[in-house]
Amino acid sequence: MMRASIGPSHSAQSVTSDKAHQLPSCTFFLPKPQQRKGTQLRIRPASRWQAQAGRSRPATVTRAESRSSEAAPWVKADARLVLADGSVWRGRAFGATDTEIGEVVFNTSITGYEEIMTDPSYRGQFVVFTHPHIGNVGINVEDAESKQVHLNGVIIRDLSSVVSNYRSKLSLDEYLKKQNVRGIANVDTRAITRRLREAGNLNGVITSDTSKSDEELIAMAKGWNIVGQDLITDISIKEPYEWKDSTVEEWEFSPAVKGRNGTEPLHIVAFDFGCKNNILRRLASFGCKVTVVPSNYPASKVMDLNPDGIFLSNGPGDPSAVPYAVETVQELLGQKPMFGICMGHQLLGQAFGGKTFKLKFGHHGGNHPVRHNASGRIEISAQNHNYAVDPQTLPEGVEVTHINLNDGTCAGMVYADKRAMAIQYHPEASPGPHDSDVCFEQFMDMIRKEKQGKGGYTSSETAAEHVGAKA
């Protein structure tokens, strides 16, 4: 008997000889072949009519000729992902074909790969999709969260060979080529994810350049650092503009939006630190006139716009790398009701006087449970960030309202005296979940109470009111 092994043709290799991340294979036993080297194979006609047509004489070819004449049924590995820990993962290139460096993070979402790729918060990063099958619905125009792909690279297990969706305009491969973004497929994303969970986020290099050795690429990964880089200034808009689009009616899900009945529009000034389109759609859906301003827009000019409220958007990287933004938030704090999401949450935390810190592997996915402390309400949330606010450093008067149940980190704050609220996750999440969309409604209530001269209120009162209404 002879043992044979079948498995994916492109398993991971490690410079450090660590085989824990190699792809699994299955083993079975075959009968020992009776033919010897150099013997001939007899190939029968495909059907009876061929024999009747005079093709009954069998063709003969050697075993070696048979193997050489058949094309391999798989695509050979033509790309490498090299991590700073010395591991090398060989796979198939798609999208742009050159060399790029980035911080490798993993995302656990099952749907929404187009929204993830166009989220500006991923600037400077490679995203490992833990869902194995990516690209099956192609790319459409409507779902993009910004005008371009912002992440540096895409790492997946299986690139769909078939695109099937009525809205699709491009395949994933075609889209990434146009966006000049690198991709690598046919690698063990489960093993890479486990490595990141154990070691923390790692720098990596994706390349299809065969002239560079593994050792050279490892040195590149080790010599690069995303910490302290200002990733916001370059991607922020340069001039203010008014956003007008709301959520399309067929996709609208909020009873609060559907029941507005022509309420007075509120004017929101939104800082663009890397803002996702759907955040602006949700603000517009709640009846707001939205003026979007650059990340470095002066506080005095913001107040000249006479806003009813101020919004601080999501964005990429380290909040400590943009001290100018923290200073602007400090100047505006207490002048108008303020709401921050993701990067906005971290900037508010620093503006309050607190500190932020880098998480081991961040929060990236659409299934993170969050608890509202006052009511006990549990929300399943979409998250994308590598930094968190240290609640031990927050001053008296700041209430930690939400906790991430995966690791206990601060997921929401309210500073009632300053009329400021913030959450570390995405209430606007597209394609979902929508559990946290109520935060926009709470922000609207805060502004209206301010306009009515009733002042601020605590997060507990707000949450109790909305949870009661939902019950």
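Q: How many aromatic pairs does the structure hold?
A: Seven. A pair here means rings of Phe, Tyr or Trp (its six-membered ring) with centres within 6.5 Å; planes under 30 degrees apart are stacked, over 60 edge-to-face, and the rest tilted. This is a predicted model: local features need pLDDT of at least 70 and side-chain atom pairs pLDDT 80 or more, while totals for chains, interfaces and linings use all residues. Residues are numbered from 1 along each chain as its sequence is written, and side-chain values use heavy atoms, with hydrogens and water left out.

Q: Why is the pair of Phe-106 and Phe-361 tilted?
A: Their ring centres are 5.6 Å apart and the planes are at 35°, so the pair counts as tilted.

Q: Which strands are those two in?
A: Phe-106 is in strand 8 (residues 100-107) and Phe-361 in strand 20 (residues 355-372), so the pair ties together parts 255 residues apart in sequence. Helices (H or I, at least four residues) and strands (E, at least two) are DSSP runs, numbered from the N terminus.

Q: Are Phe-106 and Phe-361 buried or exposed?
A: Both are buried. Buried is under 20% relative accessible area, exposed over 50%, and partly exposed in between (1.4 Å probe, protein chains only).

Q: What about Phe-352 and Tyr-415?
A: The centres of their rings lie 5.1 Å apart with the planes at 85°, so this pair is edge-to-face. Phe-352 sits in helix 11 (residues 343-352) and Tyr-415 in strand 23 (residues 410-415), 63 residues apart. Phe-352 is buried at 8% relative accessibility, and Tyr-415 is buried at 13%.

Q: Which rings form a cluster?
A: Phe-286, Phe-311, Phe-339, Phe-440 and Phe-443, linked by ring pairs.

Q: OK, the core. How many residues are in the largest nonpolar one?
A: It has 30 residues, and those with the most contacts inside it include Phe-271, Leu-312 and Phe-352. A nonpolar core is a set of buried Ala, Val, Leu, Ile, Met, Phe, Trp, Tyr and Cys residues joined through side-chain atoms within 4.5 Å. Helix 11 gives the most to this core, with five residues.

Q: What does Phe-271 touch?
A: Leaving out residues up to four places away in sequence, its contacts (heavy atoms within 4.5 Å) include Val-293, Pro-294, Tyr-297, Phe-311 and Leu-332.

Q: New topic: how much space lies in the second largest pocket?
A: About 560 Å³. On a 1 Å grid over the protein atoms alone, a pocket is an open set of points with protein on both sides within 12 Å along at least five of seven lines; a cavity is a set where a 1.4 Å probe fits but cannot get out, and lining residues have an atom within 4 Å of a point. Points are joined across faces, edges and corners, and volume is the space filled by probe spheres set on them.

Q: What lines that second largest pocket?
A: It has 26 lining residues, with Glu-145, Ser-146, Lys-147, Gln-148 and Asn-277 nearest its centre. Helix 8 gives the most to the lining, with three residues.

Q: How many residues of helix 8 are buried?
A: Nine of its nine. Gly-287, which follows helix 8, has a positive phi near 85°.

Q: And the largest cavity, what is its volume?
A: About 140 Å³. Strand 21 gives the most to its lining, with four residues.
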